Amino acid sequence: MEKLVQALSFGGVLSERDIEIVANSFRIKELKSGEYFQESGNPADKIVFVEKGILRVYHRDEKGNDVTKYFIRENRFFADMISYYSAQPAADSIDSVISSKICWICFTVFEKLMHEIPNLLIFFKSVSESTLLNKLKDNDFLNFGSAKTKYLEFVKRYPELSLQVPQQHIASYLKITPQSLSRIRSEILK
């Protein structure tokens, strides 16, 4: 939980005592590669922090293909807020791309903590805004340019993901076929 404690220290918003209370409210879970954290169709009720590893958020299209929406990297928080706040089943699944160690907390426990620790709301808001800005930046490069340009930008932004994530997941994220990605990688290596 050392990385969780460091993440909760971000911005100096929470006191050491607040960080201790919040961190001790999280639970730890180890996930094997391919193991689900959340399956679509079930209500989302947890906030997750990736202590080690990589998680993948995806849905299945009408043809039954996995469509990767994004990756949750180490030292990042994630919550399916749409499912939680709408009280609807989650549209997306979350699984572990590689063996991972996560910390999680139920939304209801987190909301209770926000009432007890007012600065936790400020912390949560700053993390949410930072995550949203990163997603907006990703949308820029994912929606414009050639497949090669997208892949090169992906490698530049996320070198660790390009080395650890299976090619079919990267291709899905970039909205290209695995064959196109393989061809692009071959061209780059020449």
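In what follows, Ala, Val, Leu, Ile, Met, Phe, Trp, Tyr, Cys and Pro count as nonpolar, Asp, Glu, Lys and Arg as charged, and the others, Gly among them, as polar. This is a predicted model, in which local features need pLDDT of at least 70 and side-chain atom pairs count only at pLDDT 80 or more, while totals for chains, interfaces and linings use all residues. Residues are numbered from 1 along each chain as its sequence is written, and side-chain values use heavy atoms, leaving out hydrogens and water.

Begin by selecting helix 8 (167–174) and helix 9 (residues 178–189), which pack at an angle of about 105° with their axes 8 Å apart; helices here are DSSP runs of H or I with at least four residues, numbered from the N terminus, and axes are lines fitted to C-alpha atoms over the stretch in contact, with angles running from 0 to 180 degrees between N-to-C directions. Because angles of 65 to 115 degrees count as roughly perpendicular, helix 8 is roughly perpendicular to helix 9.

Next, colour Gln167, Gln168, Ile170 and Ala171 in helix 8, which meet Pro178, Leu181, Ser182 and Arg185 in helix 9, where contact means heavy atoms within 4.5 Å. By class, this contact of helix 8 with helix 9 has four nonpolar, three polar and one charged residues.

Finally, select helix 5 (118–143), which gives the largest share of the lining of the largest pocket, 14 residues. By class, that lining has 28 nonpolar, nine polar and eight charged residues; a pocket is an open set of points on a 1 Å grid where a 1.4 Å probe fits, with protein on both sides within 12 Å along at least five of seven lines, and lining residues have an atom within 4 Å of a point.

How values were computed: Helices (H or I, at least four residues) and strands (E, at least two) are DSSP runs, numbered from the N terminus. Angles under 35 degrees count as roughly parallel, over 145 as roughly antiparallel, 65 to 115 as roughly perpendicular and the rest as oblique.
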